[in-house]
Amino acid sequence: MSLEPMGVPAEDDGPNPELVDFTHRFWVSAALSIPLLILTMGPMVGLPIRHWMGETSAVWTELVLATPVVLWAALPFFKRAWNSVLNRSPNMWTLIGLGVSASYLYSVVATIFPGLFPDSFRSHGGAVGVYFEAAAVIVALVFLGQVLELRARERTGSAIRALLDLAPKTARRIDKDGNDEEVPLDEVESGDLLRVRPGDSVPVDGIVTEGRTAIDESMLSGEPLPVEKTEGDAVTGGTLNKNGSLVIKAEKVGADTVLSQIVEMVAKAQRSRAPIQGLADRVASYFVPSVVAVAILSFIVWAIFGPEPAMTYAIVSAVSVLIIACPCALGLATPMSIMTATGRGAHAGVLIKDAAALERFSKVDILIVDKTGTLTEGKPQLTDVIAADGFDEADILNLAASLERGSEHPLAEAIVAGAKERGAKAVDAEAFNAITGKGVEGRVDGKAIALGNKAMLVDKGADSAPLQAEADRLAEDGKTAMFVVVDGKLAGIVAVADRIKPTSADAIRQLHETGLKIIMATGDNERTARAVAAELGIDEVRAEVLPADKQQLVEDLRAKGGIVAMAGDGVNDAPALAAADVGIAMGTGADVAVESAGITLLKGDLTGIVKARTLSLATIKNIKQNLFFAFIYNVVGVPVAAGILYPVFGLLLSPMIAAAAMSLSSVSVIGNALRLRNLDI
C-alpha cells in the first residue's frame, strides 16, 4: 500500500495519483479480459466463436489480448509480490504474482512451442491448453478491489476539510481608529479585537469584551441549546453566533485553537488506524509456501523417477502446480461479498463507506453512543405545563408563548411551537426584554410576565416553594423547567426536553442481546444524562465530556483490549468516530461526522446499528465460505497436477479439467455472494 500523508490534506491536493493510475489500468484490463472470457468460455454457453476462428487463431488472439494486461497493467502487483518475497512475508500478492506469471509464461511457451509438451497435454486438435484468460481476469478483478479501496481511503480527507470549513476564511478586525477591516484568518494575531456579527462563525478562540448573545456550541458539546455569552465569557472558534453582536479579544489563533486541535485529532486517528490484514492474506501466508514446496517436490520427483522425457514432465508438472493454484476465484471472494453486502445495506438504510469496517464490526464488544441526535431527537420540545393554584394551564401556555414570540432562543422556539400544537392563542408582547442567564420578561394583555430560571424568580420576588417539588422532578427526568411569573406571583412551570427517539429503547435491548456493552458519552449535564440512561437501560454514563474526552475514552477502552464502536452525529463526535475501531454516523447529523465514520445510518435511527451488526456477521461468514470455494479445488487439484495419481492410474491433470475447475470455483463464489441480497435485516 502507498503511504498515508502526514498532516491535513489541502483542498488543492488533487486526486490520488495511485487511484488515477489504478483506475486506468483497471479499465484496460477489463476491456481486454472481457473478449478473452467470451473467447474461452463461449463454447460452454453455446457461443461457438472458438470453432469459427479455429483453435490456432484463437490461441494467438488470446496471447495478443492477455499480453498488455500481464506485462503492463499487472506491473504494480508484481512489484508487491517481489517485495513480499524480499520481506519473507508471503501474502495474496505472492500468490497472485506466482499464479499470473506461471499461467502466462506456460501459455506463451504452449502457444509458440507446442511440440515441447507430452501428448497427454494435447487436445484432439493437437493444441496444448492455455491459461491466458486466468492470468488476465484475475488482474482485472484484483484491480477492481484496489480501486474500490483507494476510493474509500481518498474520502477520509474530506472529513478533515469539512472540519476546516467550520471556521470562516476571514475575520473583521477592529483597527486603532475603531474601523472594521476584513482580513484573512491567518493574519489574525493574539490580542486583536474582532467583531462577530449575528449569524457569523466565531473566527478564533477569545474573550468577549463587548456585547451579549447566544452561541451555538454544538460543535463542542453536541447539545442543541445555545449558551448565553456576555462580557468576560470565553468563546471558541468555529462556533456560531446566533443573534447578538460581539467584540472579542483573540487569545488562541492558528494551530492553537480548539477547532485546529479537533482537526489534528481526526487526522491523527485516521492515520493511526492500521489496515486490517485481509482473510485472503492470512490464508495465503500458509498456502503460498505449501504450493511452492509441492511444485519443487513435484519437479524433483518427476526429474528423478519420471518417464522420458523426464525433464519435460518435471517442468510441466511443476508449472502445472503453480497454474492450478492461480487464485482466480480469490479475486472475487472478498469484493463480491462486500459489493453485495453494501448494496443490501444501502437498501436497508445502512451505508458502508469503509469495507474493512464490516469485518471489524463483527468483533466489536463495546458500543459508545452520543446522546443528542443519536438516542434523542436532537431538538428541544415542549413536554410539560404545570399550573400553580389559582391559574389555568391553558392561560399559562398562552402567556408563555406570547412572551417567547419575541425571542430567538431555541427554548423559546420549542415553547412557541408546542403551544401552537396544543391550540394556544399567542398575542404580541410589549416591553420585551431578555435578561442574560436568567430568562425573558415583558407585558402581555396588560400583565407583567416573566419566564426563566430560579434566579429570575428571585428577582421578581416570587416564591418557588409551591412548585419546587415539581421542578425537581422535571429536572430528575432530564427536562429543563422554567418558572412563569404573573404580576410578581408564581403562576406555573413550562418544561422543555430533548425527547428520546421512539426506537432507541428497543434498539438498546437488541444490542444488549448481541453481547454489546453500551456506554453513553455526552456533553450534556450529569443529571440529564443519567435520566436518559436510566430510562434506556444503558450500562455506563460519561457526562459533560468534550471532543478530546470522547476520543480519550475510545483510546482508553482500546488500550484495555476492548474492540470499540462509536456512534454519533455531531462535529464533537468526529475525533472519536475516527479513533474507534468502527465509527457509526447518523446520516441526519453533521457532514464531518458522516465523513469520519466507516458506517452511516441514513435514517438516523439506532436500529440501523442492529442491522449493521447483522449484516457484518453475515458478510464475514460469506467471505469465509467464498475463500473455502476459492481454495478447495486447489487443495484437490494441486496434488493431481503434481502427478500423485500417475503411478497408480497413469493420469495427469488435463488443462481442460484445470480450466473447468477454475470456472467452477468462480461461479461458486459469485453464487454464494449473491445470497447476501436476500439477507433479512
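I kept the pairing rule beside me: two strands pair if DSSP finds at least two bridges between them. Helices (H or I, at least four residues) and strands (E, at least two) are DSSP runs, numbered from the N terminus. This is a predicted model, in which local features need pLDDT of at least 70 and side-chain atom pairs count only at pLDDT 80 or more, while totals for chains, interfaces and linings use all residues. Residues are numbered from 1 along each chain as its sequence is written, and side-chain values use heavy atoms, with hydrogens and water left out.

Which residue of strand 21 is the bridge partner of Ala-567? I found Ile-584 there. Strand 21 also pairs with strand 22 (residues 599–601), in the parallel sense and over three bridges. Along that pairing I saw Met-586 opposite Leu-601.

Next I checked how covered strand 21 (residues 582–586) is, and five of its five residues are buried. Buried means under 20% relative accessible area, exposed means over 50%, and partly exposed lies in between (1.4 Å probe, protein chains only). On one side of strand 21 I noted Val-582, Ile-584 and Met-586, and on the other Gly-583 and Ala-585, so both faces are covered.

In strand 22 I picked out Thr-600. Is Thr-600 buried or exposed? Thr-600 is buried, at 7% relative accessible area.

I then turned to an open sheet of three strands, in the order 6-5-8 with antiparallel pairing. Its edge strands are strand 6 (227–229) and strand 8 (240–241), each pairing on one side only. Strand 5 (residues 213–216) meets strand 8 over two bridges, in the antiparallel sense. In strand 8, I found Leu-240 as the bridge partner of Asp-216.

**Entry: helix 3**

I followed helix 3 (residues 55–73) from its first C-alpha to its last: its 19 residues reach 27 Å, close to the 27 Å expected at 1.5 Å a residue. The expected span is 1.5 Å times one less than the number of residues.

Where in helix 3 is the kink? I found it at Ala-66, about 35° and shortly before the proline Pro-68. The bend at a residue is the angle between axes fitted to the seven residues ending there and the seven starting there. Ala-66 is also one of the buried residues of helix 3, which include Glu-62, Leu-63 and Val-69.

**Entry: salt bridges**

A search of the whole structure gave me 20 salt bridges. A salt bridge here is a side-chain nitrogen of Lys or Arg within 4 Å of a carboxyl oxygen of Asp or Glu. Side chains of opposite charge can pair when their charged atoms come close.

- I found Arg-173 and Glu-181 joined, with their closest N and O atoms 3.4 Å apart. Arg-173 counts as buried at 17% relative accessibility, and Glu-181 as partly exposed at 32%.
- I found Arg-473 and Asp-477 meeting at 3.5 Å, N to O. Arg-473 is partly exposed at 36%, and so is Asp-477 at 42%.
- I found Glu-513 and Arg-509 meeting at 2.8 Å, N to O. They are four residues apart in helix 17 (residues 504–513), so about one helical turn separates them. Glu-513 is exposed at 59%, while Arg-509 is partly exposed at 41%.

**Entry: positive phi values**

Most residues other than glycine have a negative phi. I noted Asp-487, which is not a glycine but has a positive phi of about 50°. Asp-487 sits in the loop between strand 16 (480–486) and strand 17 (489–500). Glu-544 also has a positive phi, near 55°. I placed Glu-544 in the loop between strand 19 (540–542) and helix 19 (547–559), and Glu-544 is exposed at 51% relative accessible area.
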